[in-house]
Amino acid sequence: MSFSADDRRFMMQALQLAQRGMNTTTPNPRVGCVIVKDGQMISEGWHEKTGGPHAEAVALANLTTKATGATVYVTLEPCSHVGRTPPCADALIAAGVTRVVAAIEDPNPQVAGQGLARLAAAGIATECGLLSDEAHELNIGFVSRMTRGRPWLRLKIAASLDGKTALKNGVSQWITSAESRRDAHHWRARSCALLTGIGTVKDDNPRLTVREINTSRQPLKVVVDSQLQTPPDAAVLANGGVLIACATDHAARRAAHDVLAAAGAEIVVLPAAHGKVDLAALLIELGQRGINEVLVEAGARLNGALLRENCVDELLLYQAPLLLGDAARGMINEGRQNELTALAGARRLRVVERRIISADFFIRARFL
């Protein structure tokens, strides 16, 4: 399928509009829309938040002239089902547009090509696939949840050049620069959930909130705490919005359960072998709750467990130009049973982004 330079320009504009909803649309996808007539843009819109109008509806509402004969560029296939809002495909048909270009099909099984099919049945020319890689990347978590039933999980690590995340005594504040920490808050803000382990809660007492940038929404806070050892005065419990995943519902832990519930935490029991939390089941649980993207900020043991269970999709590594020595704590602990004896068994990654932030190095990578 061939697209013109103008097609690419208008779709790129739609993608830029979609990015405006980066931190607010969850659990919905980020979508932008541009309406063009006689080679000129006549309206635009983007989806801002769940329950609000979709991008196409916003663009149609912003029109100052009729859309009859217009071309619509939208980053995701127009919906064809009734949800919180009416079907966008029907609205475009009623507006009299003659062509709709979508970047990608909607992975939601309730749509999955039916929106484009409805438009085509009404005599509207439909095309799909323009700047599809960019559109997929923008909604990688939504696509993951719709196709795999689980969110896209990013593992964020701040470390020294020799791969250490804290001193032997647990001190880690601050290895990386203030600029790197501010950058990490952008990843927090776009995430639907922030995940950590009981070890980090005890050692660092994190708040797990977005603070360095303006946001109208705080992500869900998730703590992996197999034996319900989270202190009731832990900072992570402040202001609610906390899910604690444990591995026990024994009567001996009932008191701890009740105390944490009284402190505002929701508790789910997801047992695996050896008294641990079933991490794969936790991701499915989060997917069922509409969580698209998860950012992990944890210690070496939980990092290792997530890697061992193949739960990690992407690595975010902030690396500072300092050395902490062999005695300091490492980034990942997968256990001795996973100790490598040959380089052929090493996990290989593809670097998709690298930047310098202040004096630090930032690498974003995905497993091959």
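Mentor: Start with one term: domain bounds come from an automatic or database domain assignment. Keep in mind too that this is a predicted model.

Trainee: Into which domains is the chain divided?

Mentor: Domain 1 covers residues 5-142, and domain 2 covers 150-367. Their centres, taken over C-alpha atoms, are separated by 35 Å.

Trainee: How many residues of domain 1 are in contact with domain 2?

Mentor: Count each side on its own. Domain 1 brings 12 residues to the contact, and domain 2 brings 13.

Trainee: Now the cavities. How many of 30 Å³ or more does a search of the whole structure find?

Mentor: A cavity is a space where a 1.4 Å probe fits but cannot get out. Here the search finds 1 cavity at that cut-off.

Trainee: Which residues lie nearest the centre of the largest cavity?

Mentor: The lining holds 15 residues. Nearest the centre are Thr-25, Asn-28, Arg-30, Asn-292 and Glu-293.

Trainee: From which domains does the lining draw at least three residues?

Mentor: Both domain 1 and domain 2 pass that mark. By element, helix 6, residues 140-148, gives the most to the lining, with 3 residues.

Trainee: How do the lining residues divide into nonpolar, polar and charged?

Mentor: There are 5 nonpolar, 6 polar and 4 charged residues.

Trainee: Let me take one lining residue. What is the place of Thr-25?

Mentor: Thr-25 sits in the loop between helix 1 and strand 1.

Trainee: Is Thr-25 buried or exposed?

Mentor: Use the cut-off: buried means under 20% relative accessible area. Thr-25 has 1% relative accessibility, so it counts as buried.

Trainee: With which residues is Thr-25 in contact, leaving aside neighbours within four places in sequence?

Mentor: Its partners are Arg-30, His-47, Glu-48, Lys-49 and Thr-50. Compare that with Ala-281, which is 256 residues from Thr-25 in sequence and 25 Å from it in space, C-alpha to C-alpha.

Trainee: Next, the nonpolar core. Which members of the largest one touch the most other members?

Mentor: First the general idea. In soluble globular proteins, nonpolar side chains tend to be buried together. Here the largest nonpolar core has 37 residues. Met-11, Ile-35, Val-97 and Val-100 touch the most other members.

Trainee: Which helices and strands each supply at least two residues of this core?

Mentor: The helices are helix 1 (5-18), helix 2 (55-61), helix 3 (88-95), helix 4 (114-121) and helix 5 (132-138). The strands are strand 1 (32-37), strand 3 (71-74) and strand 4 (99-102). Helix 1 gives the most to this core, with 6 residues. Apart from this core lies another, of 31 residues, including Ala-159, Ala-193, Ala-245 and Ala-305.

Trainee: What does Val-97 touch?

Mentor: Set aside residues up to four places away in sequence. Val-97 then touches Ala-67, Gly-69, Ala-70, Val-72, Leu-92 and Ile-124.

Trainee: And Ala-103: where is its place?

Mentor: Ala-103 lies in the loop between strand 4 and helix 4. At 1% relative accessibility, Ala-103 is buried. Its contacts beyond four places in sequence include Met-11, Val-74, Cys-128 and Ala-135. Met-12 is 91 residues from Ala-103 in sequence, and the two C-alpha atoms are 9.8 Å apart.

Trainee: Last, the backbone. Which residues does a cis peptide bond with omega of about 5° join?

Mentor: The general idea first. Most residues other than glycine have a negative phi, and most peptide bonds are trans. Here a cis bond joins Thr-26 and Pro-27. Pro-27 is in the loop between helix 1 and strand 1. Another cis bond runs from Gln-173 to Trp-174, with omega near 0°. Trp-174 is in the loop between strand 7 (164-166) and helix 7 (178-190).

Trainee: What is the phi of Asp-38?

Mentor: Asp-38 has a positive phi, about 55°, although it is not a glycine. Find it in the loop between strand 1 and strand 2 (40-46). Its relative accessible area is 75%, so Asp-38 is exposed.

Trainee: Where does Asn-239 lie?

Mentor: Look in the loop between strand 9 (220-224) and strand 10 (242-246). Asn-239 has a positive phi too, near 70°. With a relative accessible area of 83%, Asn-239 is exposed.

Key:
Residues numbered from 1 in each chain as written. Predicted model: local features only at pLDDT ≥ 70, side-chain atom pairs only at ≥ 80, totals over all residues. Heavy atoms only, no water. 1 Å grid on protein atoms, 1.4 Å probe; cavity = no way out; pocket = protein on both sides within 12 Å on 5 of 7 lines; lining within 4 Å. Points joined across faces, edges and corners; volume = space filled by probe spheres on them. Helix = DSSP H or I, 4+ residues; strand = E, 2+ residues; numbered from the N terminus. Nonpolar A, V, L, I, M, F, W, Y, C, P; charged D, E, K, R; others polar. Core = buried A, V, L, I, M, F, W, Y, C linked by side-chain atoms within 4.5 Å. Buried < 20%, exposed > 50% of the residue type's maximum accessible area, 1.4 Å probe, protein only. Contact = heavy atoms within 4.5 Å.
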